[in-house]
Amino acid sequence: MSIFSIVLSAILTDNFVLSKFMGCCPFLGVSKKISSSIGMGLAVIFVMLCSTAITYPIHMLVLAPRGLAYLQTMAFILIIAVFVQLVEIILRKMIPPLYRALGVYLPLITTNCAVLGVTILNVDNFSNAPTFLEGYGKALLYAGCAGIGFTLALIIFAGIRTRMENSDIPEFFKGIPATLIAASIVSLSFLAFSGMS
Amino acid sequence: MAKTTKTSCLKEFTKGIIRENPNLVGLLGMCPALATTQEAKNAIGMGLATTFVLLGSNIVISALRRVIPKSVKLPAYIVIIAGFVTLIQFLLHGYLPALYTALGTFLSLITVNCIILGRAEIFACKNNVWRSALDAAGMGIGFTLALFLVGSIRELGGAGTWMGIPLTKGFEIPILTQSPGGFFVLGCVIAIVSKIARKKPPRTIGCQGCPMSETCAASQGGCSK
Amino acid sequence: MNDTIKAPIVLTLICSAVCGLLALGNHLTKDKIAAAESQAIQDSLANAFGEAEYTTLDLQFDGVNQLFSNPDGTTIFDITTSGYEKNSQHLLIGIDENGEVSAISFVSISDSPTQSKKVQETAFLSQFIGQSEVNETYDAIAGATKSSDGVHTAVTRALNIYCNHKEEILHGKDN
């Protein structure tokens, strides 16, 4: 995959939330206000980048050569969980303002499908790159762009939801059903991007 | 520790199917409900795979509940759940390779399905093995039914077939089998189920159902930040 | 103090137990998995090219999983390409001794249901049958562009490799 196609597909054509359906829970739960969406989005980008930075080498250098690829799921999620805990502790002790802005969302990220998803997809897509560094670089790029795509979807959606707050919606559609239907329309608009390749 | 009234074993099992259906009422596990429900066959497969992991992890976690220290609760649960997920991956890859290819990455993503971690944290660590097993079975079946419902609607409406049998060919709306259709059908199903149960759908993805609620700082200020 | 020591020990024990269990699971199922995969390929071969003794050629090319040859002279390329999803199409492309595409068959395809069905239809695949040179343009299926692209990529790759490495392939068959 060329660099351009990686960036384009991760952000637009194969958007993690709207095309791949990964990361729906925070997408539907946190995107009420634009400020919280940005906070969540930044936290997700950070965790995705760092977890890819750790999990990709572990798979390529430790698990795969020994035929232990099946331990991937367990290793990756453990790394993500431990990493998120560590970051939370460090942030709380060292950069309280950043912790107040982002730290709230960090525990939610451990169970975010998108984060585990991006680490697994990186291994699937880039494990047979010609050199380790090339694969590593592309994996990091993909993770970063996936996070950006996630944030983009979140922000767009927050804007829509603030408008929806005051709309007249039938009783039993209020809340999550209306949100899901709005999500389907946003997803429809992103589907149009799949013509670009 | 105050004990709530003991629910009968049957109630423990049936509560997960309709009244506290984890997907349509608790609004957990949305990712697989949207991604693997393009065909009813895959939806059932995903539901049963999740049930397997749910049962296994609930039983093991309940059996070890007095042994696992509170400070490493989360990593321990995660490791156990991931273990069962990898087991079902082996089984499906070897015996049902078509289902394995169809589910793809989402089989690994069962690990972070909120339902499993949620039941472990809310139920299995406080109840004995038998009740935990019943709870897991009920929740798993409820989840499978919800997935099957959404999957059937998407397959019938979007591809004109049901479980591979062509039924409504000629009337299909292909968009239903793609991303937007998934969101749309799920939203409508949740609305209809709420109407039938005469219970309003929650405004937000509930903090009570979220497995991180005890550790999450957000729940102290409310998830709707 | 007790808890600080107990916690990591319990966690390590659980991790080791799970790893051990998974190693056992892997050991027990890996043969079944390999058998299932080769069975799928054998079934596809039989479906498209008839029941026969297929020999696997000992050649490696970029983008081709393996090559088979058929007693009547057909070379079959086992190729995985991306349709709508990455690596979603696994197909077998047969090129006969005249260098023309003789048949295309799918081992597995995991694009969305409608798209998967459409690209497997004879009406679409027939345009590739009989091709002996790479065609830059072809007729895609409306609403299944990416899936159609995947098939076209696979056919192009097979033809290119056959044309460029004809000698090696024919020699490989004689061995």
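This report describes salt bridges in a predicted model.

Over all chains, the structure holds four salt bridges.

| Lys residue | Partner | N to O distance |
|---|---|---|
| Lys20(A) | Asp14(A) | 3.5 Å |
| Lys138(A) | Glu134(A) | 3.3 Å |
| Lys73(B) | Glu121(B) | 4.0 Å |

In chain A, Asp14(A) is bridged to Lys20(A). Asp14(A) has a relative accessibility of 23% and counts as partly exposed. Lys20(A) has a relative accessibility of 14%, so this residue counts as buried, because buried means under 20% relative accessible area.

Another pair in chain A is made by the side chains of Lys138(A) and Glu134(A). These two residues belong to helix α8 of chain A, which covers residues 132-164. Because they are four residues apart in that helix, about one helical turn separates them. Lys138(A) is buried, at 17% relative accessibility, while Glu134(A) is partly exposed, with a relative accessible area of 33%.

In chain B, a salt bridge joins Lys73(B) to Glu121(B). Lys73(B) is part of helix α4 (residues 73-95) of chain B, and Glu121(B) is part of helix α7 (residues 114-124) of chain B, so the pair ties together parts that are 48 residues apart in sequence. Lys73(B) and Glu121(B) are both buried.

Notes:
Residues numbered from 1 in each chain as written. Chains lettered and ligands numbered in written order. Predicted model: local features only at pLDDT ≥ 70, side-chain atom pairs only at ≥ 80, totals over all residues. Heavy atoms only, no water. Buried < 20%, exposed > 50% of the residue type's maximum accessible area, 1.4 Å probe, protein only.
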